[in-house]
Amino acid sequence: PINGNEDSDVVGYWELHHTENGVERGRSYLQFTSNTAGKFYCEDLEITASVTGNSITISWIDGSHGLFSISGIVNGDSMSGTFSIGGESGNWWAERITSPPSNRTCVVQSVSTFLVRFLDDIYCIESHFSDPHQIVSSATLNGMGNTQIYRYNLYADHPDEWWDDGNRYCTASPGFPMTYTTTILFNDGGQEQVTISVTDWEWVQ
């Protein structure tokens with residue numbers, strides 16, 4: 001704000017990063033249409049905001065997971081804070097950007113690779129990413145000496161997504177970190193790679 005009596009203006013696009021338990025978990029993009037409303041741009045997920053002076057709180061509802069909120073401080077073209085959500089804690093920060101992310105950027109930022117634990121105590125790697133505009137031609141996942149191929153619309157309840165084909169790396173005694181690289185080939189001939197370090201497991205949904 002210009003002085004202590006004015007609220008910071010957050011209208012526009014922001015690139016958001018966060019860590020969980022000390023590990024950076026990639027980036028996402030926010031679009032604020034006002035100081036009280038906006039969305040996660042790539043996911044088209046609505047958010048609400050509250051800005052008082054240079055303090056900000058951002059809230060959203062994520063499907064069956066319920067309400068999430070993060071709070072922090074705005075400093076011109078940057079903002080940052082800490083959070084504790086669902087047993088995970090960490091830091092978040094965002095920088096203002098001049099234009100919205102491209103469809104390609106949205107695909108890359110949506111890559112998620114994780115380790116799931118099944119009831120028989122077997123742990124398996126799973127991975128997916130979103131492609132609502134169908135700009136991806138193929139993709140592979142490499143790590144732990146294993147190669148998986150992604151398939152588009154593999155699951156009816158996950159439309160417009162690429163998921164690993166099920167030829168997964170599985171183990172009864174996982175060792176961390178597990179490093180996986182997703183290679184995405186686009187219809188225009190371009191290529192992007194995303195490397196994710198898996199440092200924990202979660203129960204299978």
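Visitor: In what sense do β9 and strand β10 pair, and over how many bridges?
Guide: Antiparallel, over six bridges, with β10 covering residues 123-130. Strands here are DSSP E runs of at least two residues, numbered from the N terminus, and two of them pair if DSSP finds at least two bridges between them. This is a predicted model, where local features need pLDDT of at least 70, side-chain atom pairs count only at pLDDT 80 or more, and totals for chains, interfaces and linings use all residues. Residues are numbered from 1 along each chain as its sequence is written, and side-chain values use heavy atoms, leaving out hydrogens and water.

Visitor: What sits opposite Leu115 in β10?
Guide: Ile125 does. The two strands form a hairpin with five residues between them, and Asp121 in the turn has a positive phi of about 65 degrees.

Visitor: Which way does β17 pair with β9?
Guide: Parallel, over three bridges, using residues 201-203. Trp203 there is the bridge partner of Arg117.

Visitor: Is β9 mostly covered or mostly open?
Guide: Mostly covered: five of its six residues are buried, meaning under 20% relative accessible area with a 1.4 Å probe, protein chains only.

Visitor: Switching topic, which residues touch the most other members of the largest nonpolar core?
Guide: Val10, Leu30, Phe32, Ile56, Ile58, Met79 and Trp92, out of 20 residues. Such a core is a set of buried Ala, Val, Leu, Ile, Met, Phe, Trp, Tyr and Cys residues joined through side-chain atoms within 4.5 Å. Elements giving it two or more residues include β1 (12-20) and β8 (88-97).

Visitor: What other core is there?
Guide: Apart from that one lies a core of 19 residues, among them Val108, Ile125, Met178 and Ile196.

How values were computed. Buried < 20%, exposed > 50% of the residue type's maximum accessible area, 1.4 Å probe, protein only. Helix = DSSP H or I, 4+ residues; strand = E, 2+ residues; numbered from the N terminus.
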